[in-house]
Amino acid sequence: MTVHELDAQPAGPAEHGPPPLVVGGAYTVGQFSSSQVMALAAAAPWDSDDPVDAAVAKALKAERPDVPIPDVGPWDVDPATAERRYSVCRARSFPLPSGERKDLVVLRGELNAVLAKVPSTREKRTILKRNAAHNNRHGWRPLVVATAPVGEGDKVGEFSLEGFVTIGVGKSQGAVLGGPSTWARVGVWSVSLRFQHWLNVAVIFTLSCTGYLIMNPLFRSSAYEGEQTGFIMGWIRFVHFTAAFVWVVIGLTRVVSAFTSRDPHLRWPVFWPLKKKRDVKYLGEVVQHYLFVKKEAPLYLGHNPLQQLAYTGLYALCFVQMATGFALFGLYHQSNWFWGLVSTPVHWVGIPFVRLAHTVLMFLIWCFVIGHVYLAVRADSLERHGGISSMINGGVWLRRGAQPVDAPEVG
C-alpha cells in the first residue's frame with residue numbers, strides 16, 4: 001500500500017493550519033486483505049469531521065476505488081474517550097472473504113488498548129506488536145482494527161484482531177495509483193532472510209569446494225618429484241573451517257529469528273506446514289502440479305507445504321552436517337573438554353563412517369540445491385510473479401483480488 005496525502009497542496013506555515021495527515025499503509029494479521037483492513041479503519045459516518053477518518057477514506061478511494069467504505073450511521077458509533085482509547089462502530093453488510101455480507105462491530109484504536117480488549121493467540125499478538133513497533137520507529141502511528149460478527153438478535157460474537165493502518169503527519173512521497181484489475185507488489189521476504197539466504201549460498205559453495213579438495217586433494221608433493229606444494233592444503237583446510245564457523249553463526253541467527261522476528265514467514269510455526277486436513281490436501285495438489293498432472297497449484301504467498309517440508313528437512317540435514325563436521329574437527333583438540341565431548345560420537349562409530357556420512361550429506365545438500373534452482377526457475381516461468389527476484393528485492397507481484405492459501409486476499 002502506497003502513501004497518500006490528505007490535502008492536494010503542501011502544508012503551509014503553522015498559522016495556515018496543522019500539517020495534513022497521511023496514510024502510510026495497511027498491515028493485516030487476520031482474514032481480511034490490506035485494503036479491507038483500510039476500509040474497516042475508515043468506517044465512520046459520512047459527515048464525520050475526524051481528520052483520521054478523512055485521511056483513511058481518501059487513501060482507500062485513491063488506492064482501491066472498488067472497495068466501498070462501510071455503511072455507518074451516526075447512531076452506530078461510540079467514539080473513543082480519554083479513558084477508553086478506542087472507538088466502536090457498526091459496519092453494516094460488510095463483504096467477508098467468503099463472499100457473504102455480514103454486519104460487523106469494528107473496534108479501532110491505540111495498540112495496547114485494543115490488545116487489552118481483544119483476545120488472540122500469543123503468536124498473532126507478537127507479530128502485530130513487532131510490526132507496530134517497527135512503524136513507530138519510522139514515525140507512523142498504528143490505528144489497530146478488530147472486528148466481531150453480529151449474529152441473530154444483535155448478539156455480538158468474539159472479537160478478532162485484523163491488523164492496523166499507519167497514520168502520520170507530513171507530505172506524502174508520491175503514490176502509484178491502482179485499480180481492481182491491476183497488479184500489486186506484496187512484500188514476502190525480509191532483509192534478514194534474504195541476507196541469510198545469499199550468505200548461505202556463498203558458505204555452502206565454499207564448504208563444498210574446499211571439502212571436496214580435502215577429501216580428494218589435487219595438490220600432493222609426492223605426485224611431483226622434487227616439487228614443493230607448500231602450505232596450500234593447510235590454507236584450504238583453514239578456509240573450510242572458517243566457513244564452517246560462519247555457517248554455525250548463520251544457523252544460530254536463524255534460530256533466534258524464529259522466535260523474535262516480526263515477519264510471520266520467519267517464525268517457528270512455519271517449520272511444520274501440515275497443521276490441518278486441508279494442508280495435506282493442498283500438499284497432494286502441489287505434488288501433482290510438480291509432476292505435471294495438474295495445471296494449477298494452490299496459491300501460496302510464502303512457501304507451499306512441499307517447499308516448507310523440504311526446507312525443514314534441509315535444516316535438519318544441515319544440523320547433522322554441522323555435527324559430523326565439528327565431530328571430526330574436535331579430533332585435533334582432544335585435550336580440550338568441549339571438543340573432546342563434541343567428537344565423542346566418532347569414537348563410537350569410527351572415523352571412516354563419520355567421514356563418509358559427512359561426504360554423503362554434502363552431496364545430498366547439492367541435490368537439494370539443484371532441485372531448488374530448477375523449481376524456482378520453473379515456478380517463475382509458469383507463474384510469472386517474480387519469485388526469483390523476490391529473494392533480491394523481497395516482494396512478488398500478484399493480481400489484486402488473488403486469494404493465497406496462507407494470507408488474506410491480495411490488495
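Colleague: Why is V239 called partly exposed?

Modeller: V239 has a relative accessibility of 36%; buried means under 20% relative accessible area, exposed over 50%, and partly exposed in between, with a 1.4 Å probe and protein chains only. V239 therefore counts as partly exposed. This is a predicted model in which local features need pLDDT of at least 70 and side-chain atom pairs count only at pLDDT 80 or more, while totals for chains, interfaces and linings use all residues. Residues are numbered from 1 along each chain as its sequence is written, and side-chain values use heavy atoms, with hydrogens and water left out.

Colleague: What makes F231, W235, F238 and V239 a nonpolar patch?

Modeller: Patches are made of residues with over 30% relative accessible area and no salt bridge; like charges are joined within 9 Å, and nonpolar side chains (Val, Leu, Ile, Met, Phe, Trp, Tyr) within 5 Å. F231, W235, F238 and V239 form such a patch on the surface, with about 470 Å² of accessible area together. Accessible areas come from the Shrake-Rupley method with a 1.4 Å probe, and for residues only the protein chains shown count as cover. V239 itself lies in helix α6 (residues 232-260); helices (H or I, at least four residues) and strands (E, at least two) are DSSP runs, numbered from the N terminus.

Colleague: How do you know that R84 and D78 meet in a salt bridge?

Modeller: A salt bridge is a side-chain nitrogen of Lys or Arg within 4 Å of a carboxyl oxygen of Asp or Glu. For R84 and D78 the N to O distance is 3.1 Å, and the pair is a salt bridge. R84 is partly exposed, with a relative accessible area of 21%, and D78, at 38%, also counts as partly exposed.

Colleague: What makes R267 and E123 a link between separate parts of the chain?

Modeller: Their side chains meet in a salt bridge of 2.4 Å, N to O. R267 lies in the loop between α6 and α7 (277-290) and E123 in helix α4 (residues 122-137), so the pair ties together parts that are 144 residues apart in sequence. At 4% relative accessibility, R267 counts as buried.

Colleague: Which strands does the pair R90 and D103 link?

Modeller: R90 forms a salt bridge with D103, with the closest N and O atoms 2.9 Å apart. R90 is in strand β4 (residues 86-95) and D103 in strand β5 (residues 101-109), 13 residues apart. Both residues are buried, and both belong to a network of salt bridges that also includes D76, R92 and D154. The whole structure holds ten salt bridges.

Colleague: Why is β5 described as largely enclosed?

Modeller: Seven of its nine residues are buried, so β5 is largely enclosed by the rest of the structure.

Colleague: How do you know that β5 pairs with β4, and in which sense?

Modeller: Two strands pair if DSSP finds at least two bridges between them. β4 and β5 have eight bridges, in the antiparallel sense, and F94 has K102 as its bridge partner in β5. The two strands form a hairpin with five residues between them, where G99 in the turn has a positive phi of about 100°. β5 also pairs in the antiparallel sense with strand β6 (residues 141-149), over six bridges.
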